[in-house]
Amino acid sequence: MTSIAGIVLALVLLMALAYRGVSVLLLAPIMALLATLFSPQAPLLASYTQVFMPALGGFVIAFFPLFLLGAVFGKLMEASGAARVIAHAIVAWLGAQRAILAVVLACAVLTYGGVSLFVVAFAVYPIAAALFRQADLPKRLIPATIALGAFTFTMTALPGTPAIQNAIPMPYFGTTPFAAPGLGLIGGTVMLVLGTLWLVRRAGAATARGEGYGEHDEPAVLSDPASASAAPAAASASPSPPTAASHTDFNGRAFARAIAPVVLVIALNYLLATWLLPALDTSYLAEPRFGATAIGNVRGIWAVIAALAAAIVLLVLLQRPHLPHLSRTLEQGASGSVLPLLNTASQVGFGAVIASLAGFALIRDAVLGIAPGNPLVSVSIAVNILAGITGSASGGMSIALQTLGETWLAMGQAAGIAPDLLHRVTAIATGGLDALPHNGAVITLLGICGLNHRQAYADIFVVAVAIPVLALVAVVVLGSALGSF
């Protein structure tokens, strides 16, 4: 019981201090060692050097290319203006009268194409502010609208998304980014439809009360997401509404150049994972020097790496005139990948230490004892809780899979549950409680919009926490009854 108390204390402190802005790079090892102190049989320094660090290093080895390429691609999309062109085009096509749907779809297209959700928030916010002001919709709904498009269905549910939350389960279950596509589409549709209906209803109620956009000092939106933690300064100028007449980039060749790399990521990812890589002779992977593995265990990672790399090359070729400082942009993108990677890897190391403690065996048995014949329920609860505690979808998922991934796979095989279904449920489960108030993306988004939790978080909770949990329940029920499809 002492060991369990140490684990609970470490998790609570990790959540509380992360909410207060303490770096996870510092918190994760310190909290892991704190939990170890409550388990006298666990040597302190050995737990750090022989458990924490190998787990951290293993995550970096497995996922560094995805973080690096994803960050570089997002930075290039931002610096070249391609992300803004796509967002403007979608807004122009749908019109200000569909402001909420236009913003949601603009965010969705960009994130599904591999652009970082932070880059998307910076790129879309000025457009959303102009649209909402033009339509006289409350500004307090903008964060929830962006969150719906960027933090939910394109991050976890839609098959093929290159988001890291869709990539992390692949090595554990031997799956691809397109695992359980039918169930993913159903879960994504639930999030999109219910979330949009909620926001439209809230906007209608505000209009009926005569609320309007409100009086706000517009924040000066920073161009570099690395500085997102800084409080935005007020700016007197309000963004001007985007109109087809004032923006020539809404259609034609500019839009085609902007969207082509996004389309390439999705299409090449599918072709490689489903057709091209499995057709290659990869028998050499069985050799010890290549990890004594098989193509089924690595094709998902390979597909995303190749798709992002090809999209980066195409993006540079198409947007070269708009990238006058290409080497600097590439360096900024590469540098921007390091902190998110190490933050998540540190959380993985924390999870590995926790899993090595005596008290964790009791916690594990309790989690696995929930619906013992259906590991989908166990996966859903464990991943959601850990994502909520850490305030991180990728961090919570990584801890859960690091400690219980093999167990869930074995339970699934015994129950006749396909690894693809385990993958999709795990991914969707990360996108529920992760968006609690202490989540870094939520805090950053509110800062970009110049609002606080009291003004805007209630609607974020509905579209990014409550509705994704409902979608998860729907996918678990359908998957349990019908299997993977």
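A residue is buried if its relative accessible area is under 20%, exposed if over 50%, and partly exposed in between (1.4 Å probe, protein chains only). Helices (H or I, at least four residues) and strands (E, at least two) are DSSP runs, numbered from the N terminus. This is a predicted model, in which local features need pLDDT of at least 70 and side-chain atom pairs count only at pLDDT 80 or more, while totals for chains, interfaces and linings use all residues. Residues are numbered from 1 along each chain as its sequence is written, and side-chain values use heavy atoms, with hydrogens and water left out.

**View 1. Helix H7 is mostly covered.** H7 runs over residues 142-151. How many of its residues are buried? The count is 10 of 10. Among them are Ile-142, Pro-143, Leu-148 and Phe-151. Contact means heavy atoms within 4.5 Å. The cover over the buried residues of H7 includes helices H5 (99-112), H6 (117-135) and H8 (153-156). It also includes H11 (181-208), H19 (440-449) and H20 (453-482).

**View 2. The whole protein has 20 helices and two strands.** Its radius of gyration is 22 Å, close to the 23 Å that the globule rule gives for 485 residues, so the protein is as compact as a globular protein of that length. That radius is taken over C-alpha atoms, and the rule is 2.2 Å times the number of residues to the power 0.38. Along its principal axes, the C-alpha trace spans about 70 × 50 × 45 Å. Buried residues make up 53% of the 485 residues. Take the contacts with a separation of 6 or more: residues 24 or more positions apart account for 80% of them.

**View 3. The protein exposes about 19200 Å².** Carbon and sulfur atoms supply 67% of this area. Accessible areas come from the Shrake-Rupley method with a 1.4 Å probe; for residues, only the protein chains shown count as cover. The protein has 19 positive and 16 negative charges, and their mean positions are 5 Å apart. Lys and Arg count as positive, Asp and Glu as negative; His and the chain ends are not counted. Each charge is placed at NZ of Lys, CZ of Arg, CG of Asp or CD of Glu.

**View 4. Thr-175 sits in a loop and is buried.** The loop lies between helix H10 (169-173) and H11. The relative accessibility of Thr-175 is 2%. What does Thr-175 contact, leaving aside neighbours within four places in sequence? The partners are Pro-169, Met-170, Gly-296, Gly-300, Pro-419, Asp-420 and His-423.

**View 5. Phe-63 is a buried residue of helix H3.** H3 covers residues 44-80. The relative accessible area of Phe-63 is 2%. Not counting residues up to four places away in sequence, Phe-63 touches Ile-164, Ala-167, Ile-168, Pro-171, Ile-301 and Leu-341. Phe-63 and Ile-305 are 242 residues apart in sequence, and 9.7 Å apart in space, C-alpha to C-alpha. Ring pairs also link Phe-59, Phe-63 and Phe-67 into a cluster.

**View 6. The structure holds seven aromatic pairs.** Rings of Phe, Tyr and Trp (its six-membered ring) pair if their centres lie within 6.5 Å; planes under 30 degrees apart count as stacked, over 60 as edge-to-face and the rest as tilted. Tyr-48 and Phe-52 have ring centres 5.5 Å apart and planes at 25°, so this pair is stacked. Both lie in H3, four residues apart, about one turn of the helix. Tyr-48 is partly exposed at 31% relative accessibility, whereas Phe-52 is buried at 2%. Phe-178 and Tyr-270 form an edge-to-face pair, 5.0 Å centre to centre with 75° between the planes. Phe-178 lies in the loop between H10 and H11 and Tyr-270 in helix H12 (residues 252-279), so the pair ties together parts 92 residues apart in sequence. Phe-178 is buried at 14% relative accessibility; Tyr-270 is partly exposed at 36%.

**View 7. Asp-136 has a positive phi.** Most residues other than glycine have a negative phi. Phi of Asp-136 is near 60°. Asp-136 is found in the loop between H6 and H7. Is Asp-136 buried or partly exposed? Asp-136 is partly exposed, with a relative accessible area of 43%.

**View 8. Ala-292 also has a positive phi.** Its value is near 50°. Ala-292 is found in the loop between H12 and helix H13 (295-319). Ala-292 is exposed, with a relative accessible area of 54%.
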